[in-house]
Amino acid sequence: MARAVTTQRKIINTAAAWAVGLLIFFPILWTVLTSFKTEATAIADPPVFLFFDWTFENYKVVTERSDYARFLWNSIFIAGGSTLLGILVAVPAAWSMAFVPSRRTKDILLWMLSTKMLPAVGVLYPIYLLFIKMGLLDSRLGLTLVLMLINLPIIIWMLYTYFREIPGEILEAARMDGATLRSEILFVLIPLAVPGIASTLLLNFILAWNEAFWTLNLTAAKAAPLTAFIASYSSPEGLFYAKLSAASTMAIAPILILGWFSQKQLVRGLTFGAVK
Amino acid sequence: MKQNTSLSLVSVAAILAATAVHAETTITIATVNNGDMIRMQGLTDDFTAQNPDIKLEWVTLEENVLRQRVTQDIAAKGGQFDVMTIGTYEVPIWGAQDWLVSLNDLPDEWDADDILPAIRGGLTVDGELYAAPFYGESSMVMYRTDLMEQAGLEMPEAPSWGFIKEAAAAMTDKDNGIYGICLRGKAGWGENMAFLTAMSNSFGARWFDENWRPQFDSEQWATTLNTYMDLMNNYGPPGASTNGFNENLSLFQQGKCGMWIDATVAASFVTNPTDSTVADKVGFALAADAGLGKRGNWLWAWSLAIPTGSDATEEAKKFVAWATSKEYTALVAANEGWANVPPGTRTSLYENPEYAKVPFAAMTLNSINSADPTAPTVDPVPYTGVQFVAIPEFAGIATQVGQEFSAALAGQQTVEEALAKAQILTAEEMEAAGY
């Protein structure tokens with residue numbers, strides 16, 4: 001039986017949710033506001049919040065100085081490519097772990113996750129040397145592969161969680177009707193798990209889009225994505241905060257818009273299986 | 001049919017030949033994000049017009065990210081970059097490792113003898129010039145002329161630490177948010193340790209004696225750190241242990257600092273009326289001394305170097321020669337004015353009467369000339385470098401030492417504790433490194 005919630009309680013909960021939401025969103029809002037200030041206003045003390053002379057000058061400077069479209073395309077290619085490739089590898093792996101688990105499945109799942117606990121810098125040099133040997137430095141393909149491998153444990157874990165919610169009897173019935181393994185996964189499992197796969201895709205796209213360690217270390221001029229675009233406006237000797245904010249806003253805008261339109265799927269995917 | 005085939009072959013050969021004639025070599029340039037470097041990117045049409053067969057690609061990164069990227073690439077021979085922007089710390093170390101291409105054969109008209117001797121010395125290893133300076137800097141005192149006047153004091157051209165303290169005390173007006181002195185407090189080998197190492201030279205302190213034994217247990221280091229703490233705790237802004245160049249620049253531009261001792265490159269920022277509220281009230285003086293014959297100023301140059309892994313060495317040399325030439329200086333002056341010319345590299349720039357009109361030109365030159373990377377402090381040392389020690393281990397050690405000093409400034413430990421910890425950790429690291 002659902003517990004009755006008083007109006008007062010609802011108001012308090014809503015206010016608290018808004019307060020937390022605003023607190024989390026504030027740095028992004030501040031970045032966006034700063035991008036419309038002059039450099040002098042950006043560092044004003046006390047800080048100026050809304051009432052200043054708004055200017056598009058920073059965006060003009062940034063677009064003149066940098067090839068934004070090239071950085072954007074690289075981000076889309078690398079984030080999209082690594083996510084799709086990850087899903088291709090993860091679906092069979094998650095199927096096997098969810099529906100035909102072995103004695104070691106749980107250990108394997110934990111072991112996969114443990115790779116995320118290793119600081120990335122620990123394997124930077126071996127991967128860098130490997131990339132030199134394979135001619136993959138500063139290539140979109142190389143970065144796509146690395147980001148796919150980095151996010152693979154999370155993709156498998158998420159898909160494994162969704163697949164476990166699907167009754168095994170349905171797949172069994174398909175097999176009894178003569179479905180091959182390929183047909184079972186493609187025509188039965190995947191359609192049933194579409195919401196879960198969609199949220200996995202979205203979350204991993206966001207993770208790959210925001211990844212800044214490998215994208216900065218393995219690229220130079222050709223494959224550099226938007227993380228490198230932002231880094232090019234940071235400076236410890238010179239106050240360029242307004243331009244840096246404009247570059248940051250341009251870098252996060254596409255993913256922010258994507259997240260805004262897909263928030264229902266994201267929330268559903270992230271909370272899936274959390275309540276039984 | 002046979003004639004057609006021959007004609008086709010001739011056509012293909014002609015197309016291939018034409019392609020070869022117009023073959024473009026791309027050189028990738030890794031650089032830092034600062035005003036001078038960005039200005040150069042905007043003026044490269046001049047270079048590409050002179051060299052239509054060379055295409056330029058830029059990788060602009062934040063200073064610390066760039067340092068990590070180029071170090072990693074040059075050590076692994078990744079060949080990602082044809083031209084690298086590196087500092088006076090890297091050049092002697094990388095040059096000695098044969099990681100850089102010698103620039104001794106740059107054309108005569110480039111005029112290597114025109115490079116300021118202090119800067120040239122810092123970029124030369126065993127007679128080989130391994131990098132061409134793009135801009136050079138030292139550090140100096142920037143002060144508010146109006147506050148100094150109100151305090152009834154007159155800043156000497158070459159002040160002592162005693163005068164700096166007197167002036168800081170007289171200018172401090174905490175009720176109105178004005179602090180007598182702003183200095184770097186943020187931990188890092190290029191942050192607080194750049195300032196403190198240069199300051200320690202003026203008190204006769206050394207990082208190491210001639211046998212590479214750390215010297216933080218010396219009286220000179222205690223005097224240095226106590227003077228610094230005294231200034232910052234009594235006359236510095238709150239939260240100074242997290243202040244670096246940018247934070248102090250912001251404070252000074254908003255009129256909250258009476259004095260600021262930092263990079264000479266800051267002069268163009270604090271005198272720029274667009275960004276600075278005190279642009280017309282700034283004076284300059286040499287960094288302070290303690291009467292021991294050495295001043296507390298550093299020496300740095302962002303320079304262009306070519307890694308040995310580059311497969312376009314000749315094209316890269318053409319670019320380096322162009323970007324660091326007298327002609328480039330004239331190009332910037334014609335397009336952006338003399339105040340925006342990259343400073344601190346060539347004698348001829350300081351002999352130019354037009355440049356002499358720039359308010360901070362003479363003080364920048366005097367500051368650079370008063371620093372000697374081969375004899376940075378009073379007593380002899382086994383290393384080169386004014387605000388750094390040109391050994392690969394220095395960056396790591398100095399960052400740890402910087403954290404101890406920053407913690408002392410934040411009040412988390414005493415000066416004695418910070419120095420004792422610095423002595424122990426430096427001794428351990430140096431022993432591990434085989435010194």
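Residues are numbered from 1 along each chain as its sequence is written, and chains are lettered from A, with ligands numbered from 1, in the order in which they are written. Because this is a predicted model, local features need pLDDT of at least 70 and side-chain atom pairs count only at pLDDT 80 or more, whereas totals for chains, interfaces and linings use all residues.

Figure 1. Chain A contains 14 helices and zero strands; helices (H or I, at least four residues) and strands (E, at least two) are DSSP runs, numbered from the N terminus. Along the principal axes, the C-alpha atoms of chain A fill a box of roughly 70 × 65 × 30 Å. Of its 276 residues, 34% count as buried; a residue is buried if 20 or more other C-beta atoms lie within 10 Å of its own, exposed if 12 or fewer, and partly exposed in between, with C-beta atoms placed from the backbone. Among contacts in chain A with a separation of 6 or more, 80% join residues 24 or more positions apart; two residues are in contact if their C-beta atoms, placed from the backbone, lie within 7 Å. The average pLDDT of chain A (the predictor's confidence in each residue, from 0 to 100) is 90, and 96% of the residues score at least 70. Confidence in chain A is highest in helix H4 (residues 68-99), at a mean of 95, and lowest in helix H14 (residues 263-271), at 72.

**Figure 2. Helix H7 of chain A.** Helix H7 of chain A comprises 25 residues (residues 140-164) and should span 36 Å at 1.5 Å a residue; its end C-alpha atoms are 34 Å apart, which agrees. The expected span is 1.5 Å times one less than the number of residues. At Asn151(A), H7(A) bends by about 45 degrees, and Pro153(A) follows within four residues. The bend at a residue is the angle between axes fitted to the seven residues ending there and the seven starting there.

**Figure 3. The largest nonpolar core.** The largest nonpolar core has 183 residues, of which Leu159(A) and Met142(B) touch the most other members. The largest share of this core, 13 residues, comes from H7(A). Such a core is a set of buried Ala, Val, Leu, Ile, Met, Phe, Trp, Tyr and Cys residues joined through C-beta atoms within 7 Å. Not counting residues up to four places away in sequence, Met142(B) touches Phe252(B), Trp260(B), Ala266(B), Ala267(B), Val270(B), Val282(B) and Phe284(B).

Figure 4. Ser96(A) lies in helix H4 of chain A and is partly exposed, with 15 other C-beta atoms within 10 Å. Its C-alpha atom is separated by 9.9 Å from that of Phe163(A), 67 residues apart along the chain. Leu266(A) belongs to helix H14 of chain A and also counts as partly exposed, with 16 C-beta neighbours inside 10 Å. Leu266(A) and Gly196(A) are 9.1 Å apart, C-alpha to C-alpha, and 70 residues apart in sequence. Beyond its neighbours within four places in sequence, Leu266(A) is in contact with Ser199(A), Leu202(A), Leu203(A) and Gly259(A).

**Figure 5. The contact between chains A and B.** The contact takes 23 residues from chain A and 29 residues from chain B. On the side of chain A that touches chain B, the elements giving two or more residues are helix H2 (39-42), helix H6 (124-134) and helix H11 (213-217) of chain A. H6(A) gives the most to this side, with three residues. For the complex, the predictor gives an ipTM of 0.81 and a pTM of 0.84.

**Figure 6. The domains of chain B.** The domain assignment of chain B gives domain 1 (24-130 + 299-356) and domain 2 (139-297 + 378-432); these bounds come from an automatic or database assignment. Taken over C-alpha atoms, the centres of domain 1 and domain 2 of chain B are separated by 29 Å. Their contact takes six residues from domain 1 and eight residues from domain 2 of chain B.

**Figure 7. Two loop residues of chain B with positive phi.** Most residues other than glycine have a negative phi. Asp111(B), in the loop between helix H5 (90-96) and helix H6 (117-122) of chain B, has a phi near 65 degrees. Asp111(B) is partly exposed, with 14 other C-beta atoms within 10 Å. Trp212(B) has a positive phi of about 65 degrees and is found in the loop between helix H9 (192-202) and helix H10 (219-235) of chain B. With 18 other C-beta atoms within 10 Å, Trp212(B) is partly exposed.
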